[in-house]
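I record here, entry by entry, what I looked up in the structure shown below.

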Amino acid sequence: MDLTRFHLPSSHWGAARQIRHDVFVVEQACPPEEEWDAYDAVATHLLGIVDAHPAATARWRVVDTSGGPAAKLERFAVLEAFRGRGLGRALVAATLADAEAAGHRRFAMHAQAHLAAFYAQFGFRRTGPEFDEVGISHVTMVLTR
């Protein structure tokens, strides 16, 4: 998978937006008004391309936490046709590496609860109880390097 890093405005936004629409709005029935937010304008986005086809996307942005600034990793999405090839794992690793290259050593996320064990493989640990976000059970996870 080739990865493209971008900020808005960008010609890559349409592809990333379509992936997020297909995965979150269509597959997971997230309300569209919850998927698009002002953070898209300040986030760093990654777009994964496989054989010239947009296949995956993620974003990260800086947030203030009780432990200080952190890179919050968000909106990980892999199109169904590209799942089972390790793209999700590659996307998480690339997003962490990108945020780390920007100087971050603290990372946070709201992970879908059923994916907590997947993110734990990267060193993330749960820091609280499950909570509802857009009708899906999530957990807060953090990683410090």
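Which residue in S5 does Ala 71 stand opposite? I found that Ala 71 stands opposite Phe 107 in S5. I note that the model is predicted, that local features need pLDDT of at least 70 and side-chain atom pairs pLDDT 80 or more, while totals for chains, interfaces and linings use all residues. Residues are numbered from 1 along each chain as its sequence is written, and side-chain values use heavy atoms, without hydrogens and water.

Entry on the strands. I looked up S4 (residues 68-78) and strand S5 (residues 106-112), which pair in the parallel sense over 2 bridges. Strands are DSSP runs of E of at least two residues, helices runs of H or I of at least four, both numbered from the N terminus; strands pair if DSSP finds at least two bridges between them. From S4 the chain passes through helix H3 (residues 87-101) to S5 in a right-handed β-α-β crossover (clockwise from the first strand over the helix to the second, with the strands pointing away from the viewer).

Entry on the hairpin. I saw that S3 (residues 53-65) runs antiparallel to S4, with 9 bridges. The two form a hairpin with 2 residues between them. In this pair, Arg 59 stands opposite Glu 74.

Entry on Lys 72. I located Lys 72 in S4. Is Lys 72 buried or exposed? Its relative accessible area is 14%, so Lys 72 is buried (under 20%, with a 1.4 Å probe and protein chains only). Lys 72 is in contact (heavy atoms within 4.5 Å) with residues including Arg 59, Trp 60 and Met 109.

Key: Buried means under 20% relative accessible area, exposed over 50%, partly exposed in between (1.4 Å probe, protein chains only). Lists of a residue's contacts leave out its neighbours within four places in sequence.
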